[in-house]
Amino acid sequence: MIRCIFWLLASSGAAVACEAAGERMNSETQDAPAVYVAVDDIPLSQPFSILVTVCNEAAVNEMRVDAIMPAHKHGLNYTPKVTALGDGNFRVDEMLFHMPGLWVLQVDVDFRGRSLSYTSSIALK
Amino acid sequence: MRLWGPAVLVILTGAVRAEVLLSEEEIQQTLSFGPWPPSFQSDPSNRISNDARAIALGAALFTDPVLSVDGAFSCASCHDPKQAFTTSDTRALGRVLLDRNTPSLRNLSGLRWYGWGGKSDSLWAASLHPIIEEQEMAHNKESLKSALSESSFIDDFEAIFGGIQSQDPELVLVNTAKTLSAYLETLVTERTQFDDFRDALERRDLTEAAHYPETAQRGLQLFLGRGNCVFCHNSPGFSNNEFHDAGVPYFLNETEVDEGRFGGLNFLLSSAYTLGGDWSDDPDKRGAWAVRSVRRSHSDFGTFRTPSLRGVAETAPYMHNGSLNDLDAVIRHYSEIDTERLHTDGEAILSELNLSEQEIADLVAFLETLSNVTRP
């Protein structure tokens with residue numbers, strides 16, 4: 001079943017020249033490289049995939065993806081699978097939102113020993 | 001998102017007034033519970049899924065005692081087709097009184113997990129375990145092969161799988177389970193009054209939708225809203241197929257507990273009968289990702305799989321241990337829930353609802369429209 005999704009993110013900072021699809025994710029770090037997340041319709045309680053693009057010249061050493069429902073104090077029941085596609089693109093599979101409501105997507109990116117965190121909010125109906 | 005004009009329509013038919021009470025947002029949420037029935041998807045891990053011969057043999061084996069080592073009972077002894085494939089017993093009675101309520105066997109095709117604790121990731125594996133479980137059918141691989149070889153089912157079995165004598169006993173066990181699974185896949189609850197309502201909303205036929213009882217509509221509003229039911233009971237099957245702490249005690253006695261999902265995962269992760277294992281017929285191992293990626297937590301202890309609510313009025317008693325006798329008791333359980341019983345580090349969803357008597361009646365009325373039975 002397909003649910004409408006609403007991206008509730010607010011992005012700051014100037015746009016970065018980068019071929020990225022989707023919405024820019026938030027980071028509390030000043031001058032953090034831009035990270036974009038693209039997702040089609042999210043099926044409730046079924047696995048889905050997203051595409052994350054990191055706009056930065058420095059190579060990404062590692063990316064970790066997670067999500068939580070702050071109001072319910074729980075996270076994902078499954079560990080997402082991250083696959084590097086090259087050119088700063090990452091495919092994330094085995095995502096599963098098992099409840100409707102507000103989810104916060106969390107992406108941690110390691111650049112040469114520097115770890116930055118990004119978030120986006122997704123309201124799943 | 002589609003926008004309707006007024007979400008509330010008043011229909012005047014003589015002296016009878018009927019309304020669609022739902023807001024636009026509630027209507028959109030309601031559409032997510034359908035359409036019903038779902039289109040059939042063959043199980044790629046079971047090469048005889050949707051095979052007419054296997055379905056017929058599975059149906060025959062289901063009701064025959066040949067699958068218990070001593071011919072004492074059949075699958076249907078606990079999963080009675082005349083009682084919505086369960087019984088009215090609080091807990092299942094196998095060779096001993098088991099720890100859990102017998103789940104109904106309808107709408108099982110394509111689930112991610114099976115059983116209260118989710119110890120299987122396929123319907124054929126869920127069909128296999130009771131055959132060899134000592135407290136249930138109590139066969140072993142050899143005794144099953146022998147029993148089938150000497151039974152009246154041997155010709156049909158060999159017509160599907162070839163000569164039984166050339167098959168390893170474990171293969172006979174798996175083939176038998178896949179035959180049962182082919183049958184169980186066909187068990188789907190019928191359309192209900194709720195489905196007619198939901199489809200009318202989708203067609204924007206508010207005149208037809210307004211025939212759905214107002215008390216059920218109010219119950220649906222609670223279900224979607226203040227009751228928080230929809231967080232776990234969602235999608236067309238009214239279940240998210242995950243595991244939750246519903247505040248039902250899981251102590252079996254003073255010294256033993258029902259481990260629920262914690263034990264189910266331990267069982268599953270050491271099982272040879274999984275979608276990622278050699279007994280799956282799917283070369284692509286679809287569905288195996290869930291076992292590979294599932295997260296384990298000590299808060300899995302005492303959590304149980306969200307049951308579907310389709311046909312729920314036909315399957316009393318309720319909860320994993322059958323401790324609640326009727327739907328009224330279930331609603332009162334959640335309304336007055338003792339949050340002290342919930343995991344302190346678990347999800348924060350359930351809280352006392354303090355429902356009024358009218359609200360309890362409305363929720364029960366809604367749940368009853370998910371079945372084709374009427375209250376006596």
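What is the order of the strands in the open sheet of 5 strands in chain A? The order is 3-4-6-10-9, and the pairing is antiparallel. Before we walk on, a word about what you are looking at. This is a predicted model, in which local features need a pLDDT of at least 70 and side-chain atom pairs count only at pLDDT 80 or more, while totals for chains, interfaces and linings use all residues. Residues are numbered from 1 along each chain as its sequence is written, and chains are lettered from A and ligands numbered from 1 in the order in which they are written.

Let us stay with chain A. It has 0 helices and 12 strands; here helices (H or I, at least four residues) and strands (E, at least two) are DSSP runs, numbered from the N terminus. Two strands are said to pair if DSSP finds at least two bridges between them. Strand 3 of chain A pairs with strand 4 (residues 34-38) of chain A in the antiparallel sense, over 2 bridges. You can find this pairing by looking for A:R24, whose bridge partner in strand 4 of chain A is A:Y36.

Now turn to strand 7 (residues 62-69) of chain A. It runs antiparallel to strand 11 (residues 101-111) of chain A, and 7 bridges join the two. In strand 11 of chain A, A:V104 is the bridge partner of A:I68. Strand 7 of chain A is also joined by 2 bridges to strand 8 (residues 74-75) of chain A, again antiparallel. There, A:M69 stands opposite A:H74 in strand 8 of chain A. Strands 7 and 8 of chain A form a hairpin with 4 residues between them, and A:K73 in the turn has a positive phi of about 60°.

How far can you trust chain A? The predictor's confidence in each residue is called pLDDT, and it goes from 0 to 100. The mean pLDDT of chain A is 86, and 86% of its residues reach 70 or more. Within chain A, confidence is highest in strand 10 (residues 89-96) of chain A, at a mean of 97, and lowest in strand 2 (residues 5-7) of chain A, at 40. Over residues 1-16 of chain A the pLDDT is below 50, although this stretch has 38 contacts in the model beyond near neighbours in sequence. Two residues are in contact if their C-beta atoms, placed from the backbone, lie within 7 Å. Where pLDDT is low, the predicted coordinates should not be read in detail.

Next, look inside. A residue is buried if 20 or more other C-beta atoms lie within 10 Å of its own, exposed if 12 or fewer, and partly exposed in between, with C-beta atoms placed from the backbone. Of the 125 residues of chain A, 32% count as buried. A nonpolar core is a set of buried Ala, Val, Leu, Ile, Met, Phe, Trp, Tyr and Cys residues joined through C-beta atoms within 7 Å. The largest such core has 73 residues, and those that touch the most other members are A:V35, A:V52, A:V107 and B:L367. Helix 14 of chain B gives the largest share of this core, 5 residues. A second, separate core of 37 residues includes B:F85, B:W113, B:W124 and B:A147.

That brings us to chain B. Its domain bounds come from an automatic or database domain assignment, which divides chain B into domain 1 (10-31 + 191-249 + 302-368) and domain 2 (52-184). The centres of these two domains of chain B, taken over C-alpha atoms, are 32 Å apart. In chain B, 17 residues of domain 1 are in contact with 18 residues of domain 2.

Finally, compare two residues of one loop. B:I349 is found between helix 13 (327-335) and helix 14 (357-368) of chain B, and B:N354 lies in the loop between helix 13 and helix 14 of chain B too. B:I349 is buried, because 20 other C-beta atoms lie within 10 Å, whereas B:N354 is exposed, because it has 9. Leaving out residues up to four places away in sequence, B:I349 touches A:H72, B:N228 and B:F231. Across the whole meeting of the chains, 20 residues of chain B are in contact with 19 residues of chain A.
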